[in-house]
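Please keep the sequence and the structure in view while reading.

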Amino acid sequence: MNNVQEESLRDQKKNRRRLQIVEIARTIIASKGLRSLKVRDVADAVGCSVGSVYNEFDDFDGVILTVNRETVQALTARLVAVPSEDPVRQLYGLAETYLDFFTENANLLRSLFEHRMEDDRPYPDDILQMVMDAFALMHPPLVRVLPDADDVKIALLSRTLFSAVHGIISLGLEERMVAVPPQLLRQQVTQFLDAHLVGLGVLPAR
């Protein structure tokens, strides 16, 4: 075996280990939450040393951030797939899709918002931008239902709506408090959008 082949095998092994580390970390976060994630548990599950985990990701933040990136990418893919023919139905569809994704991946989404970097380092800009881009998916349908509103107002409204929907769902699914049954939570999200769109003059008052 020549040097090129040996290097290729090392790279393949390194990539496999990296994927294993991320998969184990994702599984632990999804099932037990971010606070239960420990580097020793990940290393033991993968069958490597703690040092090997740090060699692959520099620090444990790198592992968590990789999982968080994949989470927001999966969320965005689901949101982008919401039909856009009718802007009002799209707004409801985005909220319902977010609820479904949050219900299925509650701990992974909480990790995205709860993770704090070691040594008070700033959170990576690329992930923050990905989250903002996901929230901004409410922007196009709002432009269509509010054609006379300026772009600044639409951008702020888009953030406000998505943040409010996130808050309703996050608190509703919080098991340490009184969790809201999924169907009732869906009704609450719909009622919030009903009231907000009526207030904006998009829907007629009932």
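## Aromatic rings and helices

Y98, F102, F135 and F162 are linked into a cluster by ring pairs. The model is a predicted one. Searching the whole structure gives three aromatic pairs. A pair of aromatic rings is described by the distance of the centres and the angle of the planes. Two of the pairs are set out below with these values.

| Pair | Centre to centre | Angle of planes | Type |
|---|---|---|---|
| Y98 and F102 | 6.0 Å | 90° | edge-to-face |
| F135 and F162 | 4.7 Å | 5° | stacked |

Why is the pair of Y98 and F102 edge-to-face? Planes over 60 degrees apart count as edge-to-face, and the planes of Y98 and F102 stand at 90°, so this pair falls in that class. Both residues belong to helix α5, which covers residues 87–104. Y98 and F102 are four residues apart, about one turn of the helix.

Are these two residues buried or exposed? A residue counts as buried under 20% relative accessible area. Y98 has 0% relative accessibility, so Y98 is buried. F102 has 1%, so F102 is buried as well.

The stacked pair is formed by F135 and F162, with 5° between the planes. F135 is in helix α7 (residues 125–135) and F162 is in helix α9 (residues 151–172), so this pair ties together parts that are 27 residues apart in sequence. Both F135 and F162 are buried.

The charged end of R18 sits over the ring of F57, at 4.1 Å from the ring centre.

Helix α5, which holds Y98 and F102, also packs with helix α10 (residues 182–199). The axes of α5 and α10 are 10 Å apart, and the packing angle is about 150°. Angles over 145 degrees count as roughly antiparallel, so α5 is roughly antiparallel to α10. The crossing of these two helices, α5 and α10, is right-handed.

Which residues of α2 are buried? In this helix, residues 39–46, the buried ones are V39, V42, A43 and V46. Looking down the axis of α2, these residues fall within an arc of 95°, so they line one face of the helix. Just after α2 comes G47, with a positive phi of about 85°.

Notes: Residues are numbered from 1 along each chain as its sequence is written. This is a predicted model: local features need pLDDT of at least 70, side-chain atom pairs count only at pLDDT 80 or more; totals for chains, interfaces and linings use all residues. Side-chain values use heavy atoms; hydrogens and water are left out. Buried means under 20% relative accessible area, exposed over 50%, partly exposed in between (1.4 Å probe, protein chains only). The arc is that of the directions from the helix axis to the C-beta atoms. Rings of Phe, Tyr and Trp (its six-membered ring) pair if their centres lie within 6.5 Å; planes under 30 degrees apart count as stacked, over 60 as edge-to-face and the rest as tilted. A charge sits over a ring if NZ of Lys or CZ of Arg is within 6 Å of the ring centre and within 35 degrees of the ring normal. Axes are lines fitted to C-alpha atoms, for helices over the stretch in contact, and angles run from 0 to 180 degrees between N-to-C directions. Angles under 35 degrees count as roughly parallel, over 145 as roughly antiparallel, 65 to 115 as roughly perpendicular and the rest as oblique. A crossing is left-handed if the near helix is turned anticlockwise from the far one by less than a right angle, and right-handed if clockwise.
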